[in-house]
Amino acid sequence: MARAALSATAVVDVALRLVDEEGPAALTLAAVASRAGVATPSLYKHVRSLAELRALLSVRITEELADRIGGAVLGRSADEAIRALMTAWRGYAVGHPHRYSVIIQAPEPMVARAGERLVGIVLATLRGYGLEDSAAIHAVRCLRAAMHGFALLEAENAFQLPETLDESYDLLIHMVVAGVRTPPRRA
């Protein structure tokens, strides 16, 4: 890559390819610089630190995930939308396990802004159930925990029993839909 072609976007592109091919542990500024064909100090003109590069990666990946999910739920509502959302989420995580695992989960301003779009899509998906305000937020948290947890466990090959993962995920979708349809009774 020519030095003149290097930009923050190009650095993120190189870092994504590195993560895809070698895994999250390979992500260092030196490795990105080597792949970009520049000295490590040259990267500092485009990203201030490895932490900033990780945040930029998280933003890009979160945007990709939101694009995938947004397209999947478009024109669907209620149970059909939840199934499409959960299927698209898992499909992204399984299709890009290394990318998915580098998403920063803790609040980080740059990533939080990208995550707002993703949360908005999930909230819109839940509107078909009449969930509003804090009930909708609780449902988003539970839905995210279910999808994210399954995706991480699957990516780590943590499911070792012979039953198919597709059947397990279908059951998870069924359980989520049943749970959203029947909110808990408040005392």
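**Terms and their grounds**

Guide: Along the sequence, the pattern of the chain reads α-α-α-α-α-α-α-α-α. The model is predicted, and its secondary structure amounts to 9 helices and 0 strands.

Visitor: Why is F150 called buried?

Guide: F150 has a relative accessible area of 9%. Buried means under 20%, so F150, at 9%, is buried. Buried residues account for 40% of the 187 residues in the chain.

Visitor: Why is F159 called partly exposed?

Guide: The relative accessible area of F159 is 32%.

Visitor: What makes F150 and F159 an aromatic pair, and why is the pair called tilted?

Guide: A pair of aromatic rings is described by the distance of the centres and the angle of the planes. The centres of F150 and F159 lie 4.8 Å apart, and their planes make 35 degrees. Centres within 6.5 Å make a pair, while planes under 30 degrees count as stacked and over 60 as edge-to-face; the pair of F150 and F159 is therefore tilted. The structure holds 2 aromatic pairs, and ring pairs join F150, F159 and Y169 into a cluster.

Visitor: What places R90 over the face of Y169?

Guide: R90 is 5.0 Å from the ring centre of Y169 and lies over its face.

Key:
Residues are numbered from 1 along each chain as its sequence is written. This is a predicted model: local features need pLDDT of at least 70, side-chain atom pairs count only at pLDDT 80 or more; totals for chains, interfaces and linings use all residues. Side-chain values use heavy atoms; hydrogens and water are left out. Helices (H or I, at least four residues) and strands (E, at least two) are DSSP runs, numbered from the N terminus. Buried means under 20% relative accessible area, exposed over 50%, partly exposed in between (1.4 Å probe, protein chains only). Rings of Phe, Tyr and Trp (its six-membered ring) pair if their centres lie within 6.5 Å; planes under 30 degrees apart count as stacked, over 60 as edge-to-face and the rest as tilted. A charge sits over a ring if NZ of Lys or CZ of Arg is within 6 Å of the ring centre and within 35 degrees of the ring normal.
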